[in-house]
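This report walks through one model, from the single chain to the contact between chains. Keep the structure open while reading.

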Amino acid sequence: MSKVIKLRKGFNINLAGKAEKRLAGDIIPETFALKPTDFHGIKRPKLLVNEGDTVKAGTPILYDRKMESVMFTAPVSGEVVEVKRGAKRKLLEIKILADKEIVYETFPKKSVSDIAGLSREIVLETMLKSGVWPNIVQRPYGTIANPEDNPKSIFISSFDTHPLAPDYDFLVKGQEKYFQAGIEVLRQLTTGAINLGVNADAEVSPVFSQAKNVTINKFSGKHPAGNVGVHIHHIDPIGKGDIVWTVNPLGVIQIGKLFLEGIYDASKIISLVGSEVKTPQYYRTYTGACINRFVEGNIKSDNVRYISGNVLTGEKVEKDGYLGYYHNMVTVIPEGNYYDFLGWLKPTMEQPSFHRAFGLLGFLNPKKEFVIDTNTKGEERAFVSTGVFEKVVPMDILPTYLLKAIMAEDYDEMEGLGIYEVIEEDLALCEFVDVSKHDVQAILREGLTLMQNS
Amino acid sequence: MKALREFLDKQRPHFEKGGKLEKYYYGFEAAETFLFTPNHTTAAKGVQIRDAVDLKRMMMTVVIAMIPPLLFGIWNTGYQHYLAVGEDPEFWKSVGLGLQLVLPIIIVSYAAGGAVEGLFAIVRKHPINEGFLVTGMLIPLILPATIPLWQVALATVFAVVIAKEVFGGTGMNVLNVAMTARAFLYFAYPSDMAGDVWVYYGDKQAVEGYTGATPLALAQEANLAEGVTTVQSTFQSSWFGDMYEPWHLFFGDIPGSIGETSVLMCLIGSAILIATGVGYWKIQVSVFAGAFAMGLLNNAIGLNPFMEMPAYYHLIIGSLAFGTVYMATDPVSAAHTETGKWIYGFLIGVITVIIRVFNPAYPEGVMLAVLLMNVFAPLIDFYVVNANKKRRISRATV
């Protein structure tokens, strides 16, 4: 049966602007975009559509020449209105003007009982073609899974402990059927177990607690207790040469729906949160939605930052930017582009801090919901090992040493210190608490890229 | 504030690339960031919010934790003087004299070290590091009040250059910078760092029989003197009888370096460091444990009076407490791994007592113990890290 894994390390950042558990309705903005930059490791994207083409939801838009079988498809039907490129003609966004009524590409429809009898080849073919495949992310490296691999296990985390993260129980409500179907599909792809991590500190939605053919593991603790990387580390750690796949529960549902309904349904519930949002709540839309319709008239001031994703691992987007493929929230917080007189000395109750250094009194008020802006609150300095990294990573990993090994480009050390077990989100808290203000996640990605190319 | 900000904004172009004072950019940066936390915002990718802490605030916390020993040291410097010359050691008179003696040392230490830091920042093109806020205060606290100021300057320059800057600056040094300064003086100018240097006499004479000896020196004497049976009896026969009672040793109104005599004040500092999470409690606990354990072992063997001295005396005489709280816990030169911290601290305690008891040439062992373990800390970490790697490799299949 399931066991509870207690995690003592970690840190919850209690931010203002939590979403009320209410679905405010469907919002279908005019445009949607597929951003190749959302996926790690797309090397040589090959575009399959031109401006002016019409596409259906599920029509292939591009693929990576390095892994030709995986199609990236349109989330909605409509007309390709712009292919935005950056420096060196790098593909940034493929924008689609959405139809009022979404038209879907059709894929073979199966019944629940059929799925168990499907061959791996057929499962793969449908998944790869339809656009649901990128939901499967492999460890190590956090890249899109290679369909030719046989992972030793598959991990799904049913809760998100990031600041202001949406409540998955709310997102998946009523989707039992599709979730279970998705699990059955995934079972065809691995000879190992399918592990579902659930939150031991809260009530668990029946979608997860009553899922069959999965191993349920309970995790208790502060953020990053919900990170799938932490679950893998404690249940089935990744060693050299191992491959584990991870899927978000919403991805599982998408996969299930593909087989039961025969369509690529990129619809999802997202939350609009953050201290600068007037009414933080949930909306239904599609992957890659332009955020302008959500934030219009719903923001308290002009000097704000729009983030696709959460405040620890998300990405800054413009007011008319697009929701990332893996993101199911938009966070809006104040920009911190101001000078603060003697800011390093002033005592404050208004700022949360993992540290309790002189004057940082935020810890006195553990229930307080903080408003944090994007100011770095200090300048970049030399690495000083303060020992805090180790206190926010609930794994048997020494982040300081790992990061130093990456900076020294020492491959053996990186491997020995467990670089295969982590991706950016697992060390995001290190970046937050870092006294010397280093870009820890960027450093880690450099190391992962080095290992990948070695 | 606005005027100040505008002034800085106006000056900024001169220091930026292409400006005529470009060379001094990091000097400007230091001054600017001291006055204003900069308007930098987080990158587009990665964390969008940052913890309110920065290196300046961390270092400031340590400086604040050093205030109790500093204030006590200022008073004690004056107090010891008046006691020695046979005058009434009034409180404010003592503080006044203490300030007169201690402030110049602090100013010289900060000025000399700051100048070297600034020079290196400009030449090596790196930001001025805040670590010096701490070092500049630590150095005066571990020197006798009678130290010539030029020696303070020389030692500070030596320590900052040789112990820190040659390794690349803050965060990369192997040895504790302040301890290096003290070790430099100790070996270069022993006559100013040992013997009857702990009390300032001025142009007055000490009263008859007064030696100004530290408890450690007395303990050594007990070993050499004939017919003496215990260290305590040497303490008692020394001038001003109850001066070396355990309570006074703990409270710290005894001769010694400026800031290190009072165990009580160090414990207050320790409480600040531990409560703020800046100083490692593991190291502090393990140093005391190590010293006490070694003291007990000495008692068990008991070949001479110093070995027979009650183990707890080791915790309150000399500068073990100061060294533990402010030196051993230096995050850069200490062991970095959690297991390593226990070993590192324990060995500092053990080695301190060994040097004290078995080496009459060095009355105080903390300085050398800390420096020695600074050198060994990477080795300790190496084995702890290797153990971590082995756990990982043992489950690998390929």
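How many helices and strands are there in chain A? The model is predicted. In chain A there are 13 helices and 21 strands.

## Chain A as a whole

Chain A has 454 residues, and a compact globule of that length would have a radius of gyration near 22 Å. The value for chain A is 22 Å, so the two agree. Along the principal axes, the C-alpha trace of chain A spans about 65 × 50 × 45 Å.

Of the 454 residues in chain A, 54% are buried. Now take the contacts in chain A with a separation of 6 or more. Residues 24 or more positions apart account for 68% of them.

## Domains of chain A

Chain A is divided into three parts: domain 1 (4-11 + 106-261), domain 2 (29-104) and domain 3 (376-454). Domain 1 is written as two segments, 4-11 and 106-261. The C-alpha centres of domain 1 and domain 2 of chain A lie 25 Å apart.

Which residues make up the contact between domain 1 and domain 2 of chain A? Domain 1 brings 13 residues and domain 2 brings eleven. On the domain 1 side, the elements that give two or more residues are α2 (120-130) and β11 (143-144) of chain A. The largest share, three residues, comes from α2(A). By type, this domain 1 side divides into six nonpolar, six polar and one charged.

## A sheet in chain A

One open sheet of chain A has four strands in the order β3-β9-β8-β5, with antiparallel pairing. Its edge strands are β3 (31-34) and β5 (54-55) of chain A, and each pairs on one side only.

Within this order, β8 (residues 78-85) and β9 (residues 91-98) of chain A pair in the antiparallel sense over seven bridges. A:E82 stands opposite A:K95 in β9(A).

## Helix α14 of chain B

Helix α14 of chain B runs over residues 281-301. Its 21 residues should span 30 Å at 1.5 Å a residue, and its end C-alpha atoms are 30 Å apart, so expectation and model agree. Just after α14(B), B:G302 takes a positive phi of about 55°.

Which residues of α14(B) are buried? They are B:K282, B:I283, B:Q284, B:S286, B:V287, B:F288, B:G290, B:A291, B:M294, B:G295 and B:N298. An α-helix has 3.6 residues a turn, so residues three or four places apart point the same way. B:G290, B:M294 and B:N298 are among the buried positions.

## Where chain B touches chain A

The contact takes 66 residues from chain A and 56 residues from chain B. On the chain B side, the elements that give two or more residues are α2 (25-35), β1 (36-37), α3 (55-65) and α19 (366-394) of chain B. The largest share comes from α3(B), with seven residues. This chain B side divides into 25 nonpolar, 19 polar and twelve charged residues.

Strand pairing also links the chains. Strand β21 (residues 340-341) of chain A pairs with β1(B) in the antiparallel sense over two bridges. What is the bridge partner of A:F341 in β1(B)? The partner is B:F36.

How values were computed. Residues numbered from 1 in each chain as written. Chains lettered and ligands numbered in written order. Predicted model: local features only at pLDDT ≥ 70, side-chain atom pairs only at ≥ 80, totals over all residues. Contact = placed C-beta atoms within 7 Å. Nonpolar A, V, L, I, M, F, W, Y, C, P; charged D, E, K, R; others polar. Pairing = 2+ DSSP bridges. Domains from an automatic or database assignment. Expected span 1.5 Å × (residues − 1). Buried ≥ 20, exposed ≤ 12 C-beta atoms within 10 Å, placed from the backbone. Rg over C-alpha atoms; globule rule 2.2 N^0.38 Å.
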